[in-house]
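Please look over the sequence and the structure first, and then read on.

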Amino acid sequence: MDIARASIKRFRVVVFLCLLTLVGGVMAYFEIGKLEDPSFTIKTAVVSAIYPGASAYEVETEVTARLEDAIQTMGEIKHIRSRSTPGMAIIYVDIKDEYTSNELPQIWDKLRQKVNDAQISMPTGSTVIINNDFGEVYGQYYALIGDGYTMKELYDYADFLKKNIVLVDEVASVKILGEQTEAIYVEFSASRMSALGISPLMVFAALTQQNTLTSTGNITLGDRYIRISPTSEILKVEDISDLVIGSSGGNLTRLRDIANVRRSYADPQSFKLKFNNRPALAIGISTVEGGNVVNMGRAVSKRLKELEAFRPVGIELNEIYMQSDQVTKSVNDFIINLLESLAIVVGVLLVFMGMRSGLIIGLVLLITVAGTFVIMNYMGITLQIVSLAALIIALGSLVDNGIVVAEGMLVGVERGKSIEDAASESVEGSKWAMLGGTFIAVLAFAPVGLSKAQAGEFLKSLFQVVGISMMLSWVAALVAAPVLGKAMLKPEKKDGDPYDSFLFRAYRSVLEGCLRHRALTLTVVVGMFAVSMYIFSTMATSFFPDAETVYFNVDLWSQEGTSLKAQEKRTQQLVDYIESQGNVRNISQFIGGGGLRFMLTYSPPESNTAFSQLMVEMKDAKDTRDMLLKTQAYINNNMPEVSGYCRLFARGSGMSEKIGVRFYGEDPVILRQLAEHARRIMENDYASEFTRTDWREPVEVIRPVILKDQMQNLGLGRPLINMAMQTATTGFTVGAFREGDKSLPIYAAFTPDERNRVDLLSSLLVWSPTANRAVPLGTVFSKIETSFEDGIIIRRDRSRMITAMSEVKLGENADAMIARITPSVEAIKLPLGYSLEW
């Protein structure tokens, strides 16, 4: 079939289809989903288990190991990673790469079944929570602040916004971060309680029973069935003070006479959020899968304006990170690239091929891009960093087929042929060669797009978009170019050979010389190829470059076991320095943990009171690197009590450590020795920054040594002693105060002057059921020791594992550093049963 003649014959149909494609492309551009990163499925679920009072080793053996054994039976599991800390276990369940996002819901259901089955063998008092929304991205990220408002008042307004925003089109979910937990404290003096003959257990029992919901029954009256609902429940905090407590002598006393009941924030808090040095809450908004984050951002902004009338005076909603703005900028940059490409192509062709040929090829390029948008929209391929990069990459090749056809037509016309004959000869003579070349160009991206690995899923749209656009360019060259040529080219024969110009004669001479000296030509080509491969092997490599934005992060670590208040104070020192530089717009402080996942490559760090993270926003992106280097230097030179690292936002890869080497084994002491050896090797490399191990430092533990016989003679047990010590420190949970849709814990605690004092532990009074009186806790202690234990235990695939890790200084390359340190690290002698893994 003569495609060119058929197209010219059906001139109006082809023109109509071209116009339809252009209009459809414009419409698709505005409809197509727009995101910052590709819709990449994070195939990880998080299983959290709470086991109050247990050490990290007790959590590991009694909770973590049992859950891991149950989860490991699933055939879909790729890796199981766990982190055991005192009272808590966090298990990350990674699914094999070959499973798609459509299969994950069924896998998560299976995971829940396995975990539920395992809970039968779990220790009493432990609870398990499963979170399979670990990869949710909250791209619209706000900070809510208000001078003069309590954190509860801020939360109430944030909750009001959440209930309204979640109804906005294309909003998937809304999450609030930074809520300060409230609690009811019942504070009493141990000595006064003892003098009155009142056992703390009596107080605990009264608080537990008074507000517990139980069934009250129903009654039948005639043809009606009526529920019985007596009063006397606790409706306000003052009702707790009115509780009546009995003493050992039979006397009755109201709680207010022996204790102070107050509503306050739980102390100690484990997390705090600040925005520009003001207490804040963070509100994160995520987009539905495949949604248009730009449209969602506009809809949310519109709804927030509508709700402005309900905003209390003095409360402010500030932007932390707006993914919609970042996407808009990326898309606008692409449009500029597209217009620049068109201008360059048309301009070059105007010089070398004339006005008409340049316009033909420019229009073919526009039709190709428009058609690509239509197909992308139909296939659900979003506009994001990878698909935009694919379009920009393809722009340089999309004109090739059009140039071949247009140039063939132009030469044919100049040789005196009709436009139909010139178009037919150009298309028929080169269509299969063009198809082969186009197909090979597309296949170059196939290994990336067809890969089952996570990188393949992330870059899948690169292969798809390049394939769609390149094949469309071939179709447009065969069908649209002849029709455009018919409309624009004028039949005018020129004397002489069109190729008989100085440029073509020079090229012909060089080509004929190469053909005459074939051996020399091939030798030079092979030599050049060998040299290029050698140079390529020495080049630094990186999956994606760091993002050039106005943002950078700072991770700050104090010694393990540091309190939140101490970490907050140290963080404030760094914040004061950064603010003094004058070119900073905003600083978000996350003390005790990380923020929400606001971009795909950001993974929130685990909670730890010794950790804080800053998210710094500069006024100008060109100042970001300079400010990062200054901040890193300030940490290194002026903050000896902390270690930290400043990092730019990453593209396409996680913002975790740049270099890590794992050691597997059973003995924690040997594991620490191996990891410390590797850490020192990393530290000695000039490119290293912030070397560390993930087990961190051992933590200090106070150990009262209990006399078991004396404890039993007094009728005491470990639960009673633990209860007494908890009452004397953080407070013992004795019940819950229900308030609307919330439930506040009720803590029984000693008065502030008797609480959190190590020197009073031995004199701490505990009620003896046998003696029917309070006795000093020191009567069952032989001594009080101080020791150290591991506060963090990491496991991978059910084996203990410690990682020595390092960051890389800005401007240095991680691969090059690995190459330098690998011989030394792999020369470390490993005991039998221990292994190393990069």
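Asn277, at 26% relative accessibility, counts as partly exposed, a class that lies between buried (under 20% relative accessible area) and exposed (over 50%), as judged with a 1.4 Å probe and protein chains only. Asn277 has a positive phi of about 70 degrees although it is not a glycine, and its place is in the loop between S13 and S14. Asn276 is found in the loop between S13 and strand S14 (278-287), has a positive phi of about 50 degrees without being a glycine, and is partly exposed with a relative accessible area of 25%. Most residues other than glycine have a negative phi, and most peptide bonds are trans.

A cis peptide bond, with omega of about 5 degrees, joins Asp267 and Pro268. Pro268 lies in the loop between strand S12 (259-265) and strand S13 (272-275).

## The model as a whole

This is a predicted model, in which local features need pLDDT of at least 70 and side-chain atom pairs count only at pLDDT 80 or more, while totals for chains, interfaces and linings use all residues. Residues are numbered from 1 along each chain as its sequence is written, and side-chain values use heavy atoms, with hydrogens and water left out.

The protein has 25 helices and 30 strands, which are DSSP runs numbered from the N terminus (helices H or I, at least four residues; strands E, at least two). Its C-alpha atoms fill a box of roughly 125 × 80 × 55 Å along the principal axes, and buried residues make up 48% of the 838 residues. Of the contacts (heavy atoms within 4.5 Å) with a separation of 6 or more, 79% are between residues 24 or more positions apart.

## Nonpolar cores

A nonpolar core is a set of buried Ala, Val, Leu, Ile, Met, Phe, Trp, Tyr and Cys residues joined through side-chain atoms within 4.5 Å. The largest one has 92 residues, and those with the most contacts inside it include Ile165, Val171, Leu281 and Phe373. Helix H13 (residues 385-414) gives the most to this core, with 13 residues. Apart from it lies another core, of 42 residues, among them Ile145, Met599, Leu628 and Leu648.

Leaving aside residues up to four places away in sequence, Val171 touches Ile165, Val166, Ile285, Ser286, Val288, Met296 and Val300.

## Aromatic pairs

Rings of Phe, Tyr and Trp (its six-membered ring) pair if their centres lie within 6.5 Å, and planes under 30 degrees apart count as stacked, over 60 as edge-to-face and the rest as tilted. By this rule the count comes to 15 aromatic pairs. The rings of Tyr157 and Phe160 have their centres 6.0 Å apart and their planes at 25 degrees, so the pair is stacked. Because Tyr157 and Phe160 are three residues apart in helix H5 (residues 151-165), they are separated by about one helical turn. Tyr157 counts as buried at 9% relative accessibility, whereas Phe160, at 28%, counts as partly exposed.

The rings of Phe598 and Tyr602 have centres 4.9 Å apart and planes at 35 degrees, so this pair is tilted, and both residues are buried. Ring pairs link Tyr141, Tyr321, Tyr551, Phe598, Tyr602 and Phe649 into a cluster.
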